[in-house]
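User: I'm new to this one and would like to learn how to read it. Could you walk me through the strands and then the ligand site?

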Amino acid sequence: MDLVKLKSFLTEQNLPEYRFRQIVKNYYSGRYLSFDQMTDLSIDLRSKLNSQFSLYSVSEEKIVGDQSTQKALLKLIDNQKIESVLMNYDEWITACVSSQVGCALNCQFCATGKMGFIRNLAPQEIVDQILYWNQKIYPSFVGRIVFMGMGEPFLNWDNLLESLKLINSTEGLNIGARKISISTAGVADKIIEFANLDTQINLAVSLHSANQSFRETIMPIAKKYNLEELKKACLYYVSKTNRQLFFEYALTDKNTSQNDAKLLANFIDSHHLFFVNLIPLNPVEDGLNCATKEQQEKFMNSLNQLRVMYSLRRSFGQKFSAACGQLATESK
Ligand code: SAH
């Protein structure tokens, strides 16, 4: 729903200012599927709104999942499709949102990259993924947001910032900055811009290897922003914000040797604000192989010896391809 257009439409109809606030509040409440259900508006206004606006820019095509993880395939107004995931196993219910249709980065281990880049999502299309889940689980609601769905958020910069405002503002979804996390594949100049925003939003960087030549083979973006430049940007971020920075590291059979652990320790350089999130690689067609249990154990032992702080991320949703790196839409 285009709020600017809505405001001018209501003014044209000579309706008082509070009607706008009322509709916006209804919209963000997650209670309504359509204007027709907003019984606090006159029937006449509801039908006018119906003819001029669509309440949501996303509609459900398919939903799969279980108690802890659900994945929705959502159709956009131009018939493009995205996926969005709801995770319900922590203190807060978390929505994992997409920022683009497809992705341009083509990381070798990620299903989204294999679709190629189709288009950026508009701010409303990002927000509507959360409203979709709120409406689905009402009266429960999404308490945390992670930008870890399809796409590279930092390559959809303006719309990302606009969506963050709507998510964060008290008139919008009113979700606190510290409950929002953004993950980037390592767009170094945007990491610096992000640090300069002075926000408490969490940042994660997909590192996956601290070996420049290998990282280039699995993440083409590493050619544009090499490890040295990436590290500089990350150091700038932690010094500017004094916040922890998370490095995602998917465990494969090719980045878990003792030497890989040493390179990672060297990259982290005992920085007290650098933290590593290990993720056992989720299977993707034509992707890399997950490290065996033994390789994972050995790698973690090496990290212990090298005093690198890390945690091992539990993986959910593999059964229905809803886990990290498994979101794609073309075959569905
Ligand atoms: N483009 C951003 C946002 C995607 S977030 C980024 O790269 O950070 C999705 C996270 O899942 C990223 O850390 C990504 O590297 C990771 N990922 C991708 N494919 C994966 C896979 N097959 N197994 C585990 N993690 C994967």
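User: Which residue in S7 is the bridge partner of Cys-96?

Analyst: Strands here are DSSP runs of E with at least two residues, numbered from the N terminus, and two of them pair if DSSP finds at least two bridges between them. For Cys-96, the partner in S7 is Val-146. This is a predicted model, where local features need pLDDT of at least 70, side-chain atom pairs count only at pLDDT 80 or more, and totals for chains, interfaces and linings use all residues. Residues are numbered from 1 along each chain as its sequence is written, and side-chain values use heavy atoms, leaving out hydrogens and water.

User: How many bridges join S4 to S7?

Analyst: Three, with S4 (residues 94-96) and S7 (residues 144-147) running parallel. S7 also pairs with S8 (residues 180-184) in the parallel sense, over three bridges. There, Ile-145 has Ile-180 in S8 as its bridge partner.

User: Now the ligand: which residues come nearest?

Analyst: "Around" means having a heavy atom within 4 Å. Of the 19 residues there, Phe-109, Ser-183, Ser-206, His-208 and Asn-282 come nearest.

User: What polar side-chain atoms lie by an oxygen atom of the ligand?

Analyst: A polar contact is a pair of N or O atoms within 3.5 Å. A polar side-chain atom of His-208 is 2.5 Å from a ligand oxygen, and one of Ser-206 is 2.6 Å from a ligand oxygen. Thr-184 uses a polar backbone atom, 3.4 Å from an oxygen of the ligand.

Note on methods: A polar contact is a pair of N or O atoms within 3.5 Å; within protein, one must be able to donate a hydrogen and the other to accept it, and residues adjacent in sequence count only if both atoms are side-chain atoms. Helices (H or I, at least four residues) and strands (E, at least two) are DSSP runs, numbered from the N terminus.
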